[in-house]
Amino acid sequence: MIKQLTALATPRSVGLRLFLLLAAAIVTIAAAADAWRLRQERARVLTQLQREASLVTQAIQGQVAPLLDAPDDGRLARALEDIREAKDAHCVGVYTLEGGRVRAAFDPADAIREPDVCPARITAKPVAEAVSAQWGHSGTYNIQVPLIPDDAPRGILKLVFDADRVAGPLQAFRT
């Protein structure tokens with residue numbers, strides 16, 4: 001027994017223990033730092049998507065506002081389809097302030113897979129919220145931005161992105 005205690009107290013075993021303790025501390029600190037950086041990157045990607053939605057809204061709201069009263073006008077459909085393709089979105093829709101869909105552009109294949117990708121009704125957020133974003137049920141990221149031409153709220157622009165649009169950059173960052 002005394003030999004075992006003496007063996008544990010040798011300089012060699014003490015050095016090994018200190019090395020292992022130091023290595024464990026370094027690994028723990030590195031993992032915590034990586035987790036923090038990943039959270040920061042996620043916030044940056046989500047903020048960038050919301051900024052894009054706001055810029056799209058600012059760019060089109062003057063053109064879209066007069067068309068809200070004429071939802072069958074082909075110009076509104078073309079404008080929404082152009083935005084959908086340019087932003088690689090599942091859905092780009094214009095809704096009334098009460099949440100009823102005026103017009104939407106979406107891939108029919110997406111609508112078959114996920115009927116709620118561009119629903120007929122949405123839960124309208126308060127107009128005071130400049131950008132409202134939330135994760136959807138079907139692996140999507142949904143952004144709603146009020147259309148406010150001439151300082152008078154006229155409708156809501158909704159963009160639906162695939163969650164991979166957020167997860168892709170995060171996976172690359174992790175790697």
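1. Let's start with Lys-158. Not counting residues up to four places away in sequence, Lys-158 touches Cys-91, Val-92, Gly-93, Tyr-95, Pro-119, Ile-122, Asn-142, Ile-143 and Gln-144. Keep in mind while looking at these contacts that this is a predicted model. The lysine sits in strand β5. Is Lys-158 buried or exposed? With a relative accessible area of 8%, Lys-158 falls under the 20% cut-off, so it counts as buried.

2. One of the residues Lys-158 touches is Cys-91, and that cysteine is worth a stop of its own. Cys-91 forms a disulfide with Cys-118, the two sulfur atoms being 1.6 Å apart. That separation is within the 2.5 Å cut-off, which means the pair qualifies as a disulfide. The count for the model comes to 1 disulfide.

3. Where do the two cysteines of this pair sit? Cys-91 is in strand β1, while Cys-118 is in the loop between α4 (108–113) and β3 (132–135). They are 27 residues apart, and the pair links distant parts of the chain. Both Cys-91 and Cys-118 are buried. As a reminder, a disulfide is a covalent bond between the sulfur atoms of two cysteines.

4. Next, the packing. The largest nonpolar core has 22 residues, and Val-64, Leu-76, Leu-80, Val-92, Val-94 and Leu-157 are the ones with the most contacts inside it. Two or more residues each come from α2 (11–64), α3 (74–87), β1 (91–95), β2 (101–106), β4 (140–147) and β5 (155–162). Which element gives the largest share? That is α2, with 5 residues. Apart from this core lies another one, of 8 residues, and its members include Tyr-95, Val-117, Cys-118 and Val-160. So much for the membership; as a general point, nonpolar side chains tend to be buried together in soluble globular proteins.

5. Leu-159 also belongs to strand β5. Its relative accessible area is 1%, so Leu-159 is buried.

6. Val-14, Leu-18 and Leu-21 form a nonpolar patch on the surface, and together they have about 290 Å² of accessible area. Val-14 lies in helix α2, the element that also gives the largest share of the 22-residue core. How accessible is Val-14? The value is 37%, between the 20% and 50% cut-offs, so Val-14 counts as partly exposed.

7. A backbone detail to look at: Asp-88 has a phi near 55 degrees, a positive value in a residue other than glycine. This aspartate lies in the loop between α3 and β1. Its relative accessible area is 59%, over the 50% cut-off, so Asp-88 is exposed.

8. Finally, the whole chain. There are 5 helices and 5 strands, and read along the sequence they follow the pattern α-α-α-β-β-α-β-β-β-α. Of the 175 residues, 33% count as buried. Among contacts between residues at least 6 apart in sequence, 52% join residues at least 24 apart. The chain exposes about 10,900 Å², and carbon and sulfur atoms supply 59% of that area.

Technical notes:
Residues numbered from 1 in each chain as written. Predicted model: local features only at pLDDT ≥ 70, side-chain atom pairs only at ≥ 80, totals over all residues. Heavy atoms only, no water. Core = buried A, V, L, I, M, F, W, Y, C linked by side-chain atoms within 4.5 Å. Buried < 20%, exposed > 50% of the residue type's maximum accessible area, 1.4 Å probe, protein only. Helix = DSSP H or I, 4+ residues; strand = E, 2+ residues; numbered from the N terminus. Contact = heavy atoms within 4.5 Å. Patch = residues over 30% accessible without salt bridge, like charges linked within 9 Å, V, L, I, M, F, W, Y side chains within 5 Å. Areas by Shrake-Rupley, 256 points an atom, 1.4 Å probe, with all protein chains shown as cover. Salt bridge = Lys/Arg side-chain N within 4 Å of Asp/Glu carboxyl O.
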